[in-house]
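Here is a structure to explore through a few questions and answers. Please look at the sequence and the model before reading on.

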Amino acid sequence: MPGHDHCSVPNCNARRDDGMMRAFHRFPLEDLDLKKEWLVAIRRDEGPNFQVTGSTRVCSDHFLDSHYSGRIPPRTDEDRAAIRATDQTRFRYCLNDGVVPFYCQAEKEKLL
């Protein structure tokens with residue numbers, strides 16, 4: 001299974017083809033310090049069972065709305081329906097520089 005088809009956060013079952021219209025973001029490979037922050041935040045270590053490559057992704061469920069510049073990925077069924085109705089399903093969602101994902105919903109609620 002190619003890395004860009006699913007989220008690399010442990011216990012996250014998000015897939016590009018699951019109909020939820022999530023964005024999938026590449027790791028910041030050029031910024032080694034930020035890459036390390038991402039790995040710590042999602043509780044992963046690189047080793048024989050996991051390597052960050054250009055195909056490794058983290059889904060938009062692990063970012064806050066404030067992490068995005070411009071358009072925000074849909075979070076509800078109503079948001080997804082509105083996007084489908086306007087046929088804008090191929091829009092790019094851009095993260096702000098330097099943002100770090102979080103691991104789970106409990107961590108997200110602490111940040112809000």
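Q: Is E30 buried or exposed?
A: In this predicted model, E30 sits in the loop between strand 1 (24-26) and helix 1 (32-41). Its relative accessibility is 75%, and a residue counts as exposed when that value is over 50%. E30 is therefore exposed.

Q: Which residues gather with E30 in a patch on the surface, and what is the charge of that patch?
A: Asp and Glu count as negative, so a gathering of such residues on the surface makes a patch of negative charge. Together with E30, the residues that gather in this patch are D31, D33 and E37.

Q: How is the pair of rings of F27 and W38 classed?
A: The search of the whole structure finds three aromatic pairs, and one of them joins the rings of F27 and W38, whose centres are 5.2 Å apart. The planes stand at 55 degrees, so the pair is tilted.

Q: Are F27 and W38 buried or exposed?
A: Buried means a relative accessible area under 20%. F27 has a value of 4%, and W38 has a relative accessibility of 3%, so F27 and W38 both count as buried.

Q: Which residues do ring pairs link into a cluster?
A: F63 and Y68 form an edge-to-face pair, with 6.4 Å from centre to centre and 75 degrees between the planes. F63 is buried at 0% relative accessible area, and Y68 is buried at 6%. The cluster that ring pairs link is made of F27, W38, F63 and Y68.

How values were computed. Residues numbered from 1 in each chain as written. Predicted model: local features only at pLDDT ≥ 70, side-chain atom pairs only at ≥ 80, totals over all residues. Heavy atoms only, no water. Patch = residues over 30% accessible without salt bridge, like charges linked within 9 Å, V, L, I, M, F, W, Y side chains within 5 Å. Areas by Shrake-Rupley, 256 points an atom, 1.4 Å probe, with all protein chains shown as cover. Salt bridge = Lys/Arg side-chain N within 4 Å of Asp/Glu carboxyl O. Charge placed at Lys NZ, Arg CZ, Asp CG, Glu CD. Helix = DSSP H or I, 4+ residues; strand = E, 2+ residues; numbered from the N terminus. Buried < 20%, exposed > 50% of the residue type's maximum accessible area, 1.4 Å probe, protein only. Phe/Tyr/Trp six-rings, centres within 6.5 Å; stacked < 30°, edge-to-face > 60°.
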